[in-house]
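Dear colleague,

Please find below the sequence and the structure that I am handing over to you. My notes on what was found follow directly after it.

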Number of protein chains: 2
Amino acid sequence: MLPHLADGEQIEVGPGDDAAVVRLPSERLVVTTDTLVDGYDFLPRTTAGRWIGHKAAVQNLADVAAMGARPVALVAALSAPVSTPASSFEQLTIGLAHRAEADGARIVGGDLGRAQQLTVTVTAVGALEEGRPAVLRSGARPGDVLAIGTDRLGRSAAGLALVLAGRVRVDESDPAHPGIQLEGIQDPAAADLVVWHNAPDPQLSLGWTAGRSAHAMMDLSDGLIRDGGRLAAASQVAIDLDEQALAPDVRALAPLAAELGADPWQWVLHGAEEHAMLAAFAPGRVPPGFRVIGRLRTSQAPGRAMTLGGRPIVGEGFDHFG
Amino acid sequence: MLPHLADGEQIEVGPGDDAAVVRLPSERLVVTTDTLVDGYDFLPRTTAGRWIGHKAAVQNLADVAAMGARPVALVAALSAPVSTPASSFEQLTIGLAHRAEADGARIVGGDLGRAQQLTVTVTAVGALEEGRPAVLRSGARPGDVLAIGTDRLGRSAAGLALVLAGRVRVDESDPAHPGIQLEGIQDPAAADLVVWHNAPDPQLSLGWTAGRSAHAMMDLSDGLIRDGGRLAAASQVAIDLDEQALAPDVRALAPLAAELGADPWQWVLHGAEEHAMLAAFAPGRVPPGFRVIGRLRTSQAPGRAMTLGGRPIVGEGFDHFG
C-alpha cells in the first residue's frame with residue numbers, strides 16, 4: 001500500500017515509525033474522525049474498493065473543510081476479514097490517497113488489523129491560521145440566507161435507492177475503473193447517481209476559500225432537513241427553504257424517481273452523504289460556488305422549525321439512524 | 001458520553017461541531033491511529049468497558065510518546081452492535097478519557113456507528129517543539145545500550161495466557177471498579193497480570209521527558225524480540241540482550257508459568273502489548289526510568305540478528321499476526 005502514497009513537503013516523518021510528523025500551517029489543529037463499515041455504510045458487490053476509500057476520505061475532508069480549514073493529512077485504520085484480498089486494501093488505499101491529494105492532503109499513517117467486517121476509520125487534520133475564527137454551526141443570524149455548495153442535491157440518496165432496490169451490480173474487473181451495471185433502469189443518468197452515492201465528489205475547497213466568510217457552516221452528511229435543523233438549533237434560528245430554488249434538483253431526479261415509484265423531494269430534502277458545504281451568509285454576500293436555497297428567521301420556539309414554500313416539512317427531524 | 005470528557009485550555013472547539021479545534025504547542029504535528037476489535041484484540045467477558053477504553057488510549061498515547069512528543073488530544077471512533085448497552089459506551093469513554101487525562105491529553109471528538117463487533121479506533125495527536133528532532137527507530141548506533149522504560153516485562157503476555165487458558169472471568173457489577181475472578185490459580189499475583197493485560201499502564205511520560213535524549217525509540221507493542229528486531233533493522237545494528245538483566249522479570253512470572261506449564265522466558269521475550277518505551281542510548285547516558293537490557297553492535301548482515309546471553313534467540317522474527 002505504501003507505494004501508492006504520495007510524498008509531500010509538509011511530511012517530516014511518513015508511515016513506518018511509531019507515528020507520523022507533519023508540519024501544519026499553524027498551531028491551531030482541526031481534527032475529525034469517521035468510520036465506514038461493510039454492511040452498514042456500504043453493501044458488498046454494489047461498490048468498489050476505490051470508491052470505499054474515496055468516500056472515507058471525502059467524509060473526513062468535508063468535516064475539516066466545514067470549519068473553514070484546508071485538510072493537510074489523513075491517517076487510516078483498516079480492519080478486515082483474513083480472507084480479504086490484498087488488492088482490496090490496495091484499491092482502497094488508492095481511492096483514499098487520490099481523493100485526499102486532490103485537495104492537497106496526504107495519507108501519513110495507518111493501522112491494519114482483523115475484523116469480521118471491512119471497517120475503515122479515517123482521521124483528517126488541517127489547521128486554521130492565527131486570527132481566523134473557526135466557522136461553527138452556531139454563528140448564523142436571522143436575516144441570513146442559507147446556501148449550498150453544490151449544483152445538485154439528492155444524488156447520493158437516488159443512488160442509494162437503486163442499491164436498495166437491488167438494481168446495482170459493480171464490475172471491478174478493472175479495479176482502477178470500476179463500472180456500474182443497472183438492471184431494468186431506463187434513465188441514462190442513473191449510473192452516475194450510483195457512482196455519486198459510492199464516491200461523492202463535492203467541491204470541498206469551497207469550505208476553506210469562499211466559505212470562510214460564512215456566518216455558519218457544516219457539511220451535508222445526514223440530509224438537508226436533518227443537518228439544516230442542526231445548524232438552525234445551534235444558531236437558534238428557523239429556516240424557510242425556497243421551493244423554487246430546489247425545484248431544479250427535484251426535476252433532474254424525477255425520471256428515475258418515476259421508474260422507482262419514489263418521491264424525488266424526499267431525496268433532495270432528506271438524502272444523506274452529499275458532503276457539500278451548507279452555509280449561512282449575510283444577504284447579498286453569497287460568494288461564487290454557493291447558491292441560495294433558503295432564508296433564516298427568528299426562531300419563535302426552541303427546536304428545528306423548518307418550512308418549505310411556507311409549509312411545515314413532513315418528516316422534519318426524522319432520525320435516519322434512530 | 002460528553003459529560004465524561006474534561007475541558008482543557010488547549011481546546012478551542014470541542015465535540016459537537018463538524019471537527020474539533022485544538023491549540024498545539026507547535027506546528028509540528030505528531031499523529032498516529034490504532035484499532036481494537038472485539039474477538040481479535042480482546043475477548044468478551046474477560047475484560048471490561050473501562051479497560052478497553054484505557055487500552056485503546058494507551059496504545060495510541062504510547063506511539064506519540066515514542067516519537068519524543070507529549071500527547072495533546074485524542075479522537076475516538078466507536079462502532080458496535082445495536083444491542084450494545086449505552087453503559088458500555090459510557091464506561092469505554094471514561095476509561096479512554098481518564099487514561100488520556102493522566103498524561104495531560106483530552107478527548108476532543110469522535111464518531112458513533114454500527115458494526116457486528118465492538119470496534120474502537122483512536123487517533124492521538126501531539127506536537128514536537130521547533131528544533132527538536134523526532135526520535136525515530138533508525139537512529140541507534142553500534143555501541144549504544146538498549147534500555148526499557150519498565151521494571152517488569154511479560155506481564156501482558158502472562159495475563160493473556162490466563163485469558164486464553166479460560167481461567168478468567170470479569171465481574172463488572174460495579175463498572176467503575178471491574179474485578180478479576182480466576183479459576184484454579186494459586187499465584188496471588190495472577191489477577192494483577194490480567195488487569196495489566198486488559199489495561200496496561202506503562203510510564204509513557206518517559207517518552208517526552210528522559211526519552212528525548214535517546215538515539216532511537218519505539219513503544220513495545222509486539223514484544224521485545226519483534227520490536228527490538230524492528231529497531232535493529234531500521235538502525236542497521238544487531239542486538240545482544242543481557243540474560244541477567246531480564247532474569248528478574250522471568251523470576252517474577254515463574255510461579256504462574258509453572259502453574260500453567262508455560263515458559264516465562266517466552267512471555268518476557270515475545271510478550272506483546274506492554275507499550276513501555278524501548279530506547280537506545282549512548283553508553284553511560286541512560287536516564288532514570290530506563291534500565292539497560294542489552295547492547296547494540298555492528299550488524300554483519302542485513303536482518304534481525306539478536307542474541308540472548310550470547311546465543312541466537314529461538315523464534316526470532318516470529319510473526320504473531322502472520
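With which residue of chain B does A:D17 form a salt bridge? The partner is B:R137, and the closest N and O atoms of the pair are 3.8 Å apart; a salt bridge here is a side-chain nitrogen of Lys or Arg within 4 Å of a carboxyl oxygen of Asp or Glu.

Before going further, please note that this is a predicted model, in which local features need pLDDT of at least 70 and side-chain atom pairs count only at pLDDT 80 or more, while totals for chains, interfaces and linings use all residues. Residues are numbered from 1 along each chain as its sequence is written, chains are lettered from A and ligands numbered from 1 in the order in which they are written, and side-chain values use heavy atoms, with hydrogens and water left out.

The interface

Between chain A and chain B there are nine salt bridges. The rule also finds 23 residue pairs in polar contact across this interface, both residues being at pLDDT 80 or more. A polar contact is a pair of N or O atoms within 3.5 Å; within protein, one must be able to donate a hydrogen and the other to accept it, and residues adjacent in sequence count only if both atoms are side-chain atoms. On the side of chain A that touches chain B, β3(A) gives the most, with nine residues. Strands (E, at least two residues) and helices (H or I, at least four) are DSSP runs, numbered from the N terminus.

In terms of contact (heavy atoms within 4.5 Å), 52 residues of chain A meet 52 residues of chain B. The buried area between the two chains is about 4300 Å², and carbon and sulfur atoms give 51% of this. Buried area is the accessible area (1.4 Å probe) that two parts lose on being put together, summed over both. A:D18, A:E27 and A:L29 supply 16% of the area that chain A buries against chain B, more than any other three residues.

Individual residues

A:S79 lies in strand β4 of chain A and counts as buried because its relative accessibility is 3%. Buried means under 20% relative accessible area, exposed over 50%, and partly exposed in between (1.4 Å probe, protein chains only). Among the residues that A:S79 touches are A:G113, A:T119, B:T35 and B:V37, not counting residues up to four places away in sequence.

A:L160 belongs to helix α3 (residues 155-164) of chain A. With 32% relative accessibility, A:L160 counts as partly exposed.

Yours sincerely
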